[in-house]
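Please keep the sequence and the model in view while reading.

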Amino acid sequence: MIGNILKKVFGSKNERELNKLKPVVEQINALEPEMQALSDDQLKAKTHGFKERIDQGATLDELLPEAFAVVREVSVRTLKMRHFDVQLIGGIVLHQGKIAEMKTGEGKTLAATLPLYLNALSGRGVHVVTVNDYLARRDTEWMGSIYNFLGLSVATVVHGLDDSQRQEAYNADITYGTNNEFGFDYLRDNMKFALESMVQRELHYAIVDEVDSILVDEARTPLIISGPVEQAGDRLYEEVKPQVIKLKQHQDRLVLTIMDETLKGLEEEGETDGALELLLKVKRGDPKNPRFLDLIAKQPGLKKKLEKLEGQLSTEKLLPQIDQDLLCTIDESQNLVELTEKGLKLIYGGHADDYVVPDLDEELQKVDEDDQMTDMEKRIQRRKAEASYREASERFHVTRQLIKAYWLFSKDVHYVLKDGQVVIVDEFTGRMMPGRRWSDGLHQAVEAKEGVTVAEENQTLATITFQNYFRMYDKLAGMTGTADTEAAEFKKIYDLDVIVIPTNEPMIRLDYPDAIYKTEAEKFKAAVEEIKQLHNNGQPVLVGTISIEKSEKLSQMLTKDRIKHEVLHAKNHEREAEIVAMAGQKGHLTISTNMAGRGTDIVLGQGVKELGGLHIIGTERHESRRVDNQLRGRSGRQGDQGSSRFYLAMEDDLLRIFGGERMSSIMERLGMEEGEPIEHGMISKAIENAQRKVEAHNFEIRKQLLKYDDVMNQQREVIYKQRRETLTGESLKPAIEEMIRELSEKIAEKFVDEKVLPEEWDWKGLREAAYLQFGLHLKTDRDTMDGLTTDGLAESIFDSAMKTYEEKETIFGAEEFRHLEQTIVLQVVDNLWKEHLLAMDHLKEGIGLRGYAQQDPLVVYKKEGFEMFMDMIERIKEETVRFLFRVQIARPEGMVAKEKTKQDQLVFSHGGEAARQPVRRSKKKVGRNQPCPCGSGKKYKKCCGR
């Protein structure tokens, strides 16, 4: 209450921020007559003048009013478009490194030209991040006329460019491109073997278009560059698939039997504890069971009682008793499927050893403590234990992913089949995302489920989250029509403030209350009735659905009534711009899946204004309020007439999963008659609260994932810094000598105990270790042993190793040997970093179980991750020196072929139309034991296949 009073007196924080900017806007407007009086040449000369003033110490803030005035005048002359005052405000907000929320049709693209020009004057390059290649190309060409007029270069980074073209694009003053291209180029640069082949400059300033889509929705999955891994993952999916199908058939029959028993019990005895427990079994075994949904829709009070019972049993740790008859449990809110003990036995045929993953630490400890084995034998046993662990883990992991594919992922909702491939559908935009693959084997599981070719498993070579990539920019800004609902996340994760920019013309769209029905059938019937009525009047209607399946269902209903319409979803996305551009014309009816033509404005046709403008119908509420607002935002642009209404049913996922007790209580109180909707402010508020709950839940998930990725990010920064230092061209000889000394001391300390006589030392182990590390044949005669100390032995090993090292340098030549050292260090770092990424993935996958031992999983992850990282650093030293001491002269063309082979095998994965396609092998696969095609004379597995 006090907050509301203060807001009335002083205005909201947003209003206060906007008031601070008004004097700057007045300054820009005051300069307009002066700019209009300048000739084209005089306007062009302003750029050179601004740069000189920067060189003399002027700040960008000091130049802002004049620079913005220049850009506005150039825009009028080149594009015939004059920036509105609200666009000037948006430009200032973007320059300040904040997020500008500007409604659809308010001209974000034009507003961005102002800060882009100003910040590009520093010569450090600025980036504009778009959601797809089409928008990147369009905006480069469209806005490029302003930059070119003023003497600045502008370029686009899109899929298909080679390194030289990318370097040229990044060297431009202003570079447009997608989030994927920028992120992948950063990762690829940190896999390069020469500084001159890197394409990106420093990350100076970026404006992210559709910032909520890129920094929130897309940020849930990391960018990954991967390469083929040697394992029979595809074979495992086919092996396990029949067992999972059998599991699903058994569970379906089981739930059917329980449901029959439940309905009979409810009819005969009413809502007894036994009947409710049976119903809870159905909910946990198959929450989308049609008969269960129908029962809950007709009796909303049952849902409230079930949630109360589930919460009570969970607190008392009695849920396992409810679940014991089931084969697996499904938690839609967490998107999880868990096997019960009964399910495990069915999958694995009752052989417990098959699904109990061995404790690797325990196995390795046994090996290390076995005094009967030599170091070589221990190493072999360790590898066997690790192989056994990997095999058991892989089988268990594949089983779980297949179960998720069958229970939680639906065709034409989460993905479509196109040209024999599983193509993901973006849940927020409804667009197909060719080239993007679900990680962690889930995509292979869906491929196996659908009976298409299961792509070979890949191993991560480099990865980064969008959060950590974009936080590397010195200054970051964003723009979108819907950011305010995620303001807390933007502030917490990116330290970005959201400023809501007022519209140029008052918003007059009518947003009607939600209409809620008992069942989905009633809801769709009511929506079709309204569509028919408006269509007969000639008013254009845009209908938004949440899946392709729902779009096609609605389309069939309209076709049956002979109503002409267009359907826009992932299966016909090629016509997106054309369909959306026509959506505002008289008599047009458009059905769109989670996508209201982002990037294409809907312009009202002649006579439409008088009919009430474009009417929006939403057939379901999304989990995120932003997506609903994006749909609504297609109507009422630039002061146009317009209206919107959402139709909901108690069977909708949002209300069913997240509606909560309050929703059930309100519905029970208000009463629901079949075919009659409920429209009430309390209901709309309850729905919004459900959405807030889901948004908060999803934010927590992203925040937790980021905490884990921050651990990886610190390690990634160390490795990438080490790689860049290696590439600077400075001699690595001092560093290599230091490695040799450290390793010599390590060997001596391990095998020498000055408390016992030299005769009792492990001379065999010492000789073996020296040979494995340096290829040395140590002398261990009595003369050498007399009076030997740890330091003396270390010095002796070091001297012998350095002698061999100097001999190698003489054979190769100093200059060639320096280059060889650099190449070996990079290869070792890359190989061990790849293994480390895999190990960290495995660690994270099982870390949640530590909670049962009263340990904080994140603390354990940081501690064990650090230990693994330090172990990797030691192994880098060991393997670098080992390779250097065993290296032989090879033909240079072999090295080129090897690098080419590695590049050809890379796979880039994440979203967007720009994502790279999986690489298809153009030549016959080379066998592991066949001669390497590079011509080295070695077997493939010992050369390019390493």
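Helix H6 (residues 85-95) packs against helix H7 (residues 108-120) at an angle of about 45 degrees, and their axes are 8 Å apart. H6 is therefore oblique to H7, a class that takes in whatever is left once angles under 35 degrees are called roughly parallel, those over 145 roughly antiparallel and those from 65 to 115 roughly perpendicular. Axes here are lines fitted to C-alpha atoms, for helices over the stretch in contact, with angles from 0 to 180 degrees between N-to-C directions. Helices (H or I, at least four residues) and strands (E, at least two) are DSSP runs, numbered from the N terminus.

The model is a predicted one, in which local features need pLDDT of at least 70 and side-chain atom pairs count only at pLDDT 80 or more, while totals for chains, interfaces and linings use all residues. Residues are numbered from 1 along each chain as its sequence is written, and side-chain values use heavy atoms, with hydrogens and water left out.

H6 passes H7 in a right-handed crossing, the term for a near helix turned clockwise from the far one by less than a right angle, anticlockwise being left-handed. On the H6 side the contact (heavy atoms within 4.5 Å) is made by Gln87, Leu88, Gly91, Leu94 and His95, and on the H7 side by Leu110, Ala111, Ala112, Leu114, Pro115, Leu118 and Asn119. By class these residues divide into eight nonpolar, four polar and no charged, where Ala, Val, Leu, Ile, Met, Phe, Trp, Tyr, Cys and Pro count as nonpolar, Asp, Glu, Lys and Arg as charged, and the others, Gly among them, as polar.

A second pair consists of helix H20 (residues 375-408) and helix H21 (residues 442-450), whose axes come within 8 Å and cross at roughly 60 degrees. H20 and H21 are therefore oblique to each other, and H20 passes H21 in a right-handed crossing. Gln401, Leu402, Lys404, Ala405 and Tyr406 of H20 meet Leu442, Ala445, Val446, Ala448 and Lys449 of H21, a contact with seven nonpolar, one polar and two charged residues.

Strand E18 (residues 589-593) has five of its five residues buried, so it is largely enclosed by the rest of the structure; buried means under 20% relative accessible area, exposed over 50% and partly exposed in between (1.4 Å probe, protein chains only). Leu589, Ile591 and Thr593 point one way from E18, whereas Thr590 and Ser592 point the other way, and all are buried.

Most residues other than glycine have a negative phi. Asp419, in the loop between strand E9 (415-418) and strand E10 (421-424), has a positive phi near 55 degrees, and it is exposed, with a relative accessible area of 72%. Gln638 likewise has a positive phi, of about 50 degrees, although it is not a glycine; Gln638 lies in the loop between helix H27 (625-632) and strand E20 (642-649) and counts as partly exposed at 22% relative accessibility.

For the chain as a whole, there are 37 helices and 21 strands, and buried residues make up 52% of the 946 residues.
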